[in-house]
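Please look through the sequence and the model below before reading on.

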Amino acid sequence: MALQGKKLINNPDDVVTEFIEGLVETYPSLQYLDGFPQIKVVLRADVVGGAHDKVAVISGGGSGHEPAHAGFVGPGMLTAAVSGDVFASPPVDSILAAIRAVTGTMGCLLIIKNYTGDRLNFGLAAEQAKSEGYKIETVIVGDDCALPPPRGIAGRRGLAGTILVHKVAGAAADAGLSLANVAAEAKHASEAVGTMGVALSVCTLPGQVTSDRLGSTQIELGLGIHGEPGAAVVELQSVDVVVEHVLKQILSQETQYLPITRGSNAVLLINGLGATPVMELMIAARKAVPELQLEYGIAVDRVYTGTFMTALDMAGISITIMRSDESILQRLDAPTKAPSWPVGSEGKRPPAKFPVPVPPSPSMKDDEILSHRQEPTKQGCILEAAIEAGAKELIGLKDSLNDWDSKVGDGDCGTTMYRGATAILEDMKTRYSMNDAAGTINEIGATIRKVMGGTSGILYDILCKAAYTSLKENKTITAYEWADALEASIAAVSKYGGASAGYRTMLDALIPASTVLKQSLQAGDDPVTAFIASSEAASAGAESTKQMQAKAGRSSYVAPDHLVSVPDPGAVAAAAWYRAAALSVKNKLHGSES
């Protein structure tokens, strides 16, 4: 069922003019023509038509593709950008107004995306401007590589590759070239660029319902930037597979859309379509660069990754490849103050990047631990069994912890604990000397620090470090030393984390455990009985968090009624590994006695 799309807007009819007003308020170097609502033109604030002594470069089209095109207005790129309504070509009068506002004696180049409405409106405006005495040239960009060669007059669609053409033309104009030469460079760039998009969702126009055309597990290959259907709808695949497919299509020898072959150089642009996280764009870039270099033999000179030309709130990416030469690279590297052009991407990039080595740690090294590893003693075997049992218990709880955390936090508690537990099981094989209890606890902290991110990782590292400090001075470690170490660990976590009993954290499991462990040992109970009793207290403490109001962690931002009947995942995790370790010690000792 289609649902009304949620937007942070006022009147849907005013989104374009209000966007422009916000844009020029944000960037002092931009201004707009006073012709709302019919004329929607953003221009450089430092350019006054008759006095402009360089070629003016103008582009534009329907709105909804922000930051294109207005975000690329500035010295070294566009002189002005003309906006139509959402997904509607700007009218002739708006284009003419832009030409008259910024064109001086050097003339004006119009860069037009290959859509029928844009070609007609910009074309008619060009002819009218010529009749008024302006020198005008036009370049049409059709970089779409998703669809088969068109049979009619429509041609290939203009997509994100247009942004690279803007940059080449704008830099050429800024260098003082003539109109003919600026147009020639823009045309050369437009003929050397190819783009294909992949959408995870369709876009929602302001004030309209969200289409359910694309299923929840489907993606669309070659979807247009106005939501028009693409080449095919397929099931969701990994980003590596998607990137491989897109590059294969762009570089297809059958269509020969892009004049590029093995041994050539290229520029790569990874573009978000409006609702794609930067993380996903970078993951795509990480695959595309070596794929081009290793599979196709194409040297990648520059990589631009970000949001350049969108389709409102569409989730997905487009990939653009432009054949590069020294002239194009010079234009792409030329300075610009256009607010949406990426900073820091200019300059020669190495053919391959190698990670910088991590500085050595003063702590014990892996090979040293391995070379000193001895056959575990009885106590070492008990410690090993307890650690293994606790880690395996956390691995089994992954989904449950994530489910609870999705209701009261950010939904990754189980995944975080799983990551730490699996790393501990792996490092047990080589890094931990079980006969050195204090050293083993310290190394568990180091393992956790490497793989467990966020607050949980650092708190557990603090817990282990405090326990190590408490244990390391003792030649013989008894149950009493373990109890003191647990108490010291809780104090350190409370000190640095700020939580205490009743705050709805992992301490609500560990504090009762510590209290009962000490009381039981002082009452004369044997260590195993004391350990089991304290583990039951930990489980009860975790359960009690269902009725607590959060005072620490992400749960403290959640409304209290959402926390009712949901235990704190961190407390459950702490109680789980503690309980599993206690039962393992009991089984190990009782098994050896029987």
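Helices and strands are here DSSP runs numbered from the N terminus, a helix having at least four residues and a strand at least two. With elements named in this way, F87 falls in the loop between β5 and α2 (92-102), and in this predicted model F87 has a phi near 60°, a positive value in a residue other than glycine.

The protein chain as a whole holds 19 helices and 14 strands. Its radius of gyration is 32 Å, whereas a compact globule of 594 residues would have one near 25 Å, and along the principal axes its C-alpha atoms fill a box of roughly 105 × 55 × 45 Å. Of the 594 residues, 49% are buried, and among contacts between residues at least 6 apart in sequence, 73% join residues at least 24 apart.

A cis peptide bond with an omega of about -5° joins F36 and P37, and P37 belongs to the loop between β2 (30-32) and β3 (41-44). Another cis peptide bond, with an omega of about 15°, joins E66 and P67, and here P67 sits in the loop between β4 (56-63) and β5 (80-86). L312, which is not a glycine, has a positive phi of about 55° and is placed in the loop between β13 (299-306) and β14 (316-323). L312 counts as buried because its relative accessible area of 19% is under the 20% limit.

What does a search for disulfides across the whole structure return? The search finds 0 disulfides. Of the cysteines, C145 is buried with a relative accessible area of 0%, and C203 is also buried, with a value of 8%.

The largest pocket has a volume of about 1300 Å³. It is lined by 49 residues, of which L383, A386, I441, W482 and F531 are the closest to its centre. The elements that give two or more residues to this lining are α10 (378-396), α12 (413-427), α13 (437-451), α14 (454-471), α15 (479-497), α17 (527-544) and α19 (569-593). Which element supplies the largest share of the lining? That share, 9 residues, comes from α10. Sorted by class, the lining of the largest pocket comprises 35 nonpolar, 10 polar and 4 charged residues.

Technical notes
Residues numbered from 1 in each chain as written. Predicted model: local features only at pLDDT ≥ 70, side-chain atom pairs only at ≥ 80, totals over all residues. Heavy atoms only, no water. Disulfide = S-S within 2.5 Å. Buried < 20%, exposed > 50% of the residue type's maximum accessible area, 1.4 Å probe, protein only. 1 Å grid on protein atoms, 1.4 Å probe; cavity = no way out; pocket = protein on both sides within 12 Å on 5 of 7 lines; lining within 4 Å. Points joined across faces, edges and corners; volume = space filled by probe spheres on them. Nonpolar A, V, L, I, M, F, W, Y, C, P; charged D, E, K, R; others polar. Rg over C-alpha atoms; globule rule 2.2 N^0.38 Å. Contact = heavy atoms within 4.5 Å.
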